[in-house]
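Here is a friendly walk through the domains and the chain-to-chain interface. Have the viewer open as you read.

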Amino acid sequence: MDKLLLIIKREFIAKVRNKTFIIMTFLSPLLMIGMISLVAFLTKSSLEKKRTIAYVDGSHLFSSDDFKDDKTINFINLSDVDLEIAKNITQESDHYGLLYIPKNNKVDELSEKIQFFSEDSPNMMLIADLESVISAKLQKIKIKNSGIDLEKLEASKINVDVQLSNFSGERTSKLINGLKIGFGMGAGYLLMMFIIIYGAMVMRSVIEEKTSRIIEVIISSVKPFYLMLGKVIGTASAGLLQFFIWSIVLSILMLIASLVFGVEMSSNIDAMQVSSEQMEMVKSTMAGEMQVLISEVRKLPLTTMFFMFFFYFLGGYLLYSSIYAAIGAAVDNETDTQQFMLPVMLPLMLGLYVGFSSVIGDPHGTVATVFSMIPFTSPIVMLMRIPFGVPWWQIAISITLLIVTFVGVIWLAAKIYRVGILMYGKKPTYKELYKWLKY
Amino acid sequence: MSNLLVAENIVKNYGNFTALNNVSIIVPKGSIFGLLGPNGAGKTTLIRVINQITLPDRGTVYLDGNPLVLEDIKHIGYLPEERGLYKSMKVGEQALYLAQLKGMSKNDAKKQLKYWFDKFEIGDWWNKKVQELSKGMAQKVQFIITVMHKPKLLIFDEPFSGFDPINANLIKDEILQLRDEGATVIFSTHRMESVEELCEHIALIDKSNKILDGKLSDIKRQFKSNTYEIAIHTSDNISIEKEIAEKFEILPSNRKALDDELVLKVKIKNDEISNNLLNYLSSKGMISHFAEVIPNANEIFIQAVNQNTKNG
């Protein structure tokens, strides 16, 4: 036991002192924030860039009220000239594009004949905007033509908001589902990242011990199993520390970012033409929702969620990292690991996809239930299901299966590890690994 | 003299391959025991069995009369042939870590390390990373790590590889001193001259079987063939050689003649005493060299292994 602690300590210190580790610990959040900001900045600047669009309205159905200039688009009316001339003008004055509405009195026919000319393929968002403007106008014309009073139609519009309650009569929030999904996806994704990053780290560390030939010195002092376990746990500790630092640095950076961008956000809201009346309404409904949401969050099985998160995170990581350790022991260098990576990545990916596709749609459906039992996918899928409330017997089966598999896999991995660390110069095949199990 | 280590009927199979076939060795306490054999004979497997790295399929290893248990690893110091250190770890830290893994307390380990680092005059390496050391330097550190917990049994697999002659000598003297202080040494090597120099007992393993073991002096006696190497100044080398050949069996010698004397290897019958030969020769000329041919470890090695190969 003392020796296990020694090994864990050494592995932890070796990881934490590693220069790459230190750099990545502090650089990753910066990179992430940087990327997000860059994307945000580019999107914003592309939105803010003013585009000039010329239009030729042969139908004379549209007026300049329909094509109003806004923050991103300037409209130029070229209806006075021919289409060909308009095209030339558009190209010469370097406008973004030319919208052509031909002469046609039948609205239904017209709707399929409208064209947009541009140098490059146009921004789809912009086209969608144009389409909605045109279709709104054409719709109005059609309504008018069929003799319906537009004003009455407008007045008859009504907005429905279904209030959710459970059977004991308490109001529930729609947002809470989003929150549950958010937690599930976040936890599942986090676990997968953790397994991939730190599992590979365990693997590299085993390969390093093999190539530096220190392995035989060490296992003449401790059982290989303890070395493997110590390595897995030590790496996980370093990983948790790194995750912890990341979350702190990220939240600080987010705070700074939101302070900087927050100002602009509020000015954006002002710019939006929202009447103060509407604002008040939105605010009050939001406040109501918030209250319900908070009481909902309080009612979530938070303790269960915490313990389950802890258990599945640990279980999933230990299961996979022991496989990684065995792979590391089986090969001489990292390039040889490729053939063994697929069987490791496959269930991980599957877990995540099943989680994203079926848990969100139907958390208690057959697919989600089955995959939350299968040990290799259960850590990810079950973590995603937990916030929606899983029957205790399902959790019991899932946990039991995970523990049984974990013991089995660790046992197998330890066997491969024990033989593999002393094997040099052999490129192992699956057949070879199977033979090692019997040594 | 009691035996420190006894390995009894060790069998180890890897799939269909037998690495050790009923191998037994007896290592007397306080001796230096040479474990010899060609590449791939099974030496390393046997050493790993003794170190409990590999579990034997059959057979038992006794240390000091008791079957080997996990606790015994602190009584064993092992320098494997495939050896190395963590490259990016500092020398001192690494030595401390490995000492603690052997069960030493941190303070004891520090004391011992200071003693050895002073002895080898390498105190200033403490904070160096292993990757900054030369191969020979790293080997020295490795040697210290092997012996610092004062084990009863030391196992060295090719301890001199990577050392220059001066440092090899230094290590050899240390091994002898450790023996004098009471340690028992198992020594595996291909360098027969160091076997000759150091080992009192040897075992020879070939193709997974032990083909020879015992005291080196006994084995030599067993392998000698009553052959004498002579050099004699005669008036007529050719006729005298013919005369000797009539009375004794002669073998070609590869000893270089200093002048133009006659150099021969002469084999006498098993019940004959050497004086008969000496007396006979003295009548033929002036004898400048007369010595019994005692096979060296190298010759014994080659002869035994070839014999084993012939026997299939």
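## Domains

In chain A, the domain assignment gives domain 1 (50-153) and domain 2 (174-247 + 301-439); such bounds come from an automatic or database domain assignment. Taken over C-alpha atoms, the centres of domain 1 of chain A and domain 2 of chain A are separated by 57 Å.

Chain B is likewise divided, into domain 1 (3-221) and domain 2 (225-292). Here the C-alpha centres of domain 1 of chain B and domain 2 of chain B lie 45 Å apart.

## How to read the model

This is a predicted model, in which local features need pLDDT of at least 70 and side-chain atom pairs count only at pLDDT 80 or more, while totals for chains, interfaces and linings use all residues. Residues are numbered from 1 along each chain as its sequence is written, chains are lettered from A and ligands numbered from 1 in the order in which they are written, and side-chain values use heavy atoms, with hydrogens and water left out.

## The interface

Where the chains meet, 27 residues of chain B are in contact with 23 residues of chain A (heavy atoms within 4.5 Å). About 2500 Å² is buried between chain B and chain A, and carbon and sulfur atoms give 59% of that area (accessible area, 1.4 Å probe, lost by two parts on being put together, summed over both).

Three salt bridges are found across the interface of chain B and chain A (a side-chain nitrogen of Lys or Arg within 4 Å of a carboxyl oxygen of Asp or Glu). B:E82 forms a salt bridge with A:R213, with the closest N and O atoms 2.5 Å apart.
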